[in-house]
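User: I would like to go through this model element by element, with the criteria behind each term spelled out. Please keep each answer tied to what was computed from the atoms.

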There are 2 protein chains.
Amino acid sequence: MDVLIAGFGVVGQGIAEVIRDKQELFVKRFGERVRIVGAFDTCSLEVDPSGLDPTSLLERKLATGRVGTRPAASDVVKLLQETEYDLLLEVTPTNIIDGEPGYTHIRTALAAGRDVVTSNKGPLALRFHELTELAARNRVQLRFEASVGGAMPIINLSRELLMGENIISIRGILNGTCNFILHRMKEERLSFDFALREAQELGYAETDPSYDIDGVDSACKLAILANAIFDRDVTYSDVLRTGIRGINEEAIALAAEQKKVIRLIGEVSEDKLEVSPRMVPIGHPLSTGGTFNIAQLLTDLAGDITVVGRGAGKMETASALLSDMLAILKDEEARRLAK
Amino acid sequence: MDVLIAGFGVVGQGIAEVIRDKQELFVKRFGERVRIVGAFDTCSLEVDPSGLDPTSLLERKLATGRVGTRPAASDVVKLLQETEYDLLLEVTPTNIIDGEPGYTHIRTALAAGRDVVTSNKGPLALRFHELTELAARNRVQLRFEASVGGAMPIINLSRELLMGENIISIRGILNGTCNFILHRMKEERLSFDFALREAQELGYAETDPSYDIDGVDSACKLAILANAIFDRDVTYSDVLRTGIRGINEEAIALAAEQKKVIRLIGEVSEDKLEVSPRMVPIGHPLSTGGTFNIAQLLTDLAGDITVVGRGAGKMETASALLSDMLAILKDEEARRLAK
């Protein structure tokens, strides 16, 4: 399997490390190597049909800030159409205004008959059905476990392992930064501003924290779940959204009196699509603290199934990308074996 | 897909209902019906190669206590060898002394070239590798999601979605009855005996509760996880086991002072295999109350992944059996499509 990596920030570097370190698994399980035949970032490009050395890419990025020795492609569409590769790993940053450049990368690769695995929320929160239909028409796969909840395997769990269930609703904590802030406010009786500053100092929240604390990030993920699991046709702006700026110490204390905690909960069902702070009984799976992401599925047969995982981080996101790559390798193996 | 159901207690009746109610899914997703071509319980048998009506089986069982109109087969091995079916659903009760009658059912079906899906812990906690090797030799599948944690999808999650991870350890709450008792002792300051009686009155614990509270049930499930996920070769008696009889109100109160709760935790890794009561910080995923089952996987890339589900119950167990049936249908579809 030959892969092209679009974007070489934290996530791109993570998946390059994983491709380097899991060769034994690829060979042992599927009898083939996974080669990186190209990689690009904003200002550089490296391509080699015989395979690039992941360590060299990582070292160059670290030393020079660039993954490649060549300047960035003047025409990235042409690059994605004319380079030889099997799979595009689209790991450029999320842009929720127009989904670019991820949208163009994904669309071009799918139209060129390539499988795509992505962690990029923008294109999926904005133009989900257009992209999945394009993939179906071209008989290729578009997989995106890494776009929601990092290492928490919510997409593939819902669509594959729970294929037989009627999933009635999903409620979850989809943003670890908000969960950290709410947890610290309760446990240490901190003010919102103090807990936010702590989250920023620990690197959990950006200097401009609004993407997290106003619920935009959660809303993007919820829109993806709505599209992918409930077959709805929504974008992130369809999500009814309230963030956690308004949560003060009194609200936290009042919840505690009732043996409850406040959590920023996203909920999606056939007729619901909402992110808002809610009270959760202590001991309930959704009361979990820390920076975890959590999703609780309500299904017809299994009842409640909850999954908890690390919602962000280099290797956590790479782990989700890897699981999608392996699913594609497995499907190809099944096809090969049957012939 | 033609199925034969061995055992028609609560779980057998649950899967018969599910097969009846999910026909639309089978046809829509795989273009074929799932037919029950045979079913038997301790004293009766019903076989029809053209398919039995699930509702009739369920009604007869309810009215007469027997699933079939014919007496039980005098030679069940011959029945399993000579009846035409694709899949054996082995859902007789767990027996941890010798695994019978499940062991003979499963072994015979696999040797006859049939796939097997089971909820029966006994054969898997006692003779795991013999059975999986027999399945491999005969190029058929032996699947057992329902044997551990009811609707909690721990086996397929670990072996399929997390195929790329190195799973370092699994820690979990594998018995809902114990969790209910420990949760009630803490929340309502009940004595162990009182909480146990409450669990019995609610139908969570048997009249002889030792299978649950002495950790035998948890140890069986842990042995299955050790065999299936860590490729170890153990039986349930290899598990270092302490139950919860010794947990008193003082222990619970002492834990609470440290913001902790006591939970019966099973842990398996390459060199650990133990069920024992442990202190867990409040807010940690493993501190969850109620009758849930929980498993927390520690992996090399994803870090911690936790999954929570209902550990027992008719439809919950049927849900896990269904997920294994669908996985087999999906593999067969892939094989068909590639030809």
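User: Which residues of α5(B) are buried?

Analyst: The model is a predicted one, in which local features need pLDDT of at least 70 and side-chain atom pairs count only at pLDDT 80 or more, while totals for chains, interfaces and linings use all residues. Residues are numbered from 1 along each chain as its sequence is written, and chains are lettered from A and ligands numbered from 1 in the order in which they are written. Helix α5 of chain B spans residues 102-111 and is mostly covered, with seven of its 10 residues buried; a residue is buried if 20 or more other C-beta atoms, placed from the backbone, lie within 10 Å of its own, exposed if 12 or fewer do, and partly exposed in between, while helices (H or I, at least four residues) and strands (E, at least two) are DSSP runs numbered from the N terminus. The buried residues are B:G102, B:Y103, B:H105, B:I106, B:R107, B:A109 and B:L110.

User: What is the value of omega for the peptide bond from B:E100 to B:P101?

Analyst: B:P101 lies in the loop between β5 (87-90) and α5 of chain B. In chain A, A:P101 likewise lies in the loop between β5 and α5 (102-111), and a cis peptide bond joins A:E100 and A:P101, with omega about 0°. The bond from B:E100 to B:P101 is also cis, with omega near 5°.

User: Is B:L126 buried or exposed?

Analyst: B:L126 has its place in helix α6 (residues 121-126) of chain B. Leaving aside its neighbours within four places in sequence, B:L126 is in contact with B:G99 and B:T235, where contact requires that the C-beta atoms of two residues, placed from the backbone, lie within 7 Å. Because 22 C-beta neighbours fall inside 10 Å, B:L126 counts as buried.

User: Is B:R139 buried or exposed?

Analyst: B:R139 lies in the loop between α7 (128-137) and β7 (142-143) of chain B, and phi of B:R139 is near 55°, a positive value in a residue other than glycine. Another residue that is not a glycine but has a positive phi is A:R189, at about 50°, and A:R189, with 13 other C-beta atoms within 10 Å, is partly exposed. B:R139 has 8 other C-beta atoms within 10 Å, and is therefore exposed.

User: Which residue in β5(A) stands opposite A:I5?

Analyst: Chain A holds an open sheet of seven strands with mixed pairing, in the order β4-β3-β2-β1-β5-β6-β7, and its edge strands are β4 (70-71) and β7 (142-143), each of which pairs on one side only. Two strands pair if DSSP finds at least two bridges between them, and here strand β1 (residues 2-6) runs parallel to strand β5 (residues 87-90) of chain A, joined by four bridges. Within this pair, the residue opposite A:I5 is A:L89.

User: Which residues touch the most other members of the largest nonpolar core?

Analyst: In soluble globular proteins, nonpolar side chains tend to be buried together. A nonpolar core is here a set of buried Ala, Val, Leu, Ile, Met, Phe, Trp, Tyr and Cys residues joined through C-beta atoms within 7 Å. Leaving aside its neighbours within four places in sequence, B:I5 has contacts that include B:G12, B:I15, B:I36 and B:L89. Of the 216 residues in the largest core, those that touch the most other members are A:I5 and B:I5.

User: Which element gives the most to the side of chain A that touches chain B?

Analyst: Between the two chains, 39 residues of chain A are in contact with 39 residues of chain B. The elements α8 (154-161), β13 (303-310) and α14 (314-338) of chain A each supply at least two residues of this side. The element that gives the most, with 11 residues, is α14(A).

User: In β13(B), what is the bridge partner of A:G309?

Analyst: β13(A) pairs with strand β13 (residues 303-310) of chain B in the antiparallel sense, over five bridges. As 100% of the interface residues of chain A are also interface residues in chain B, the copies meet through the same surface. The bridge partner of A:G309 in β13(B) is B:I305.
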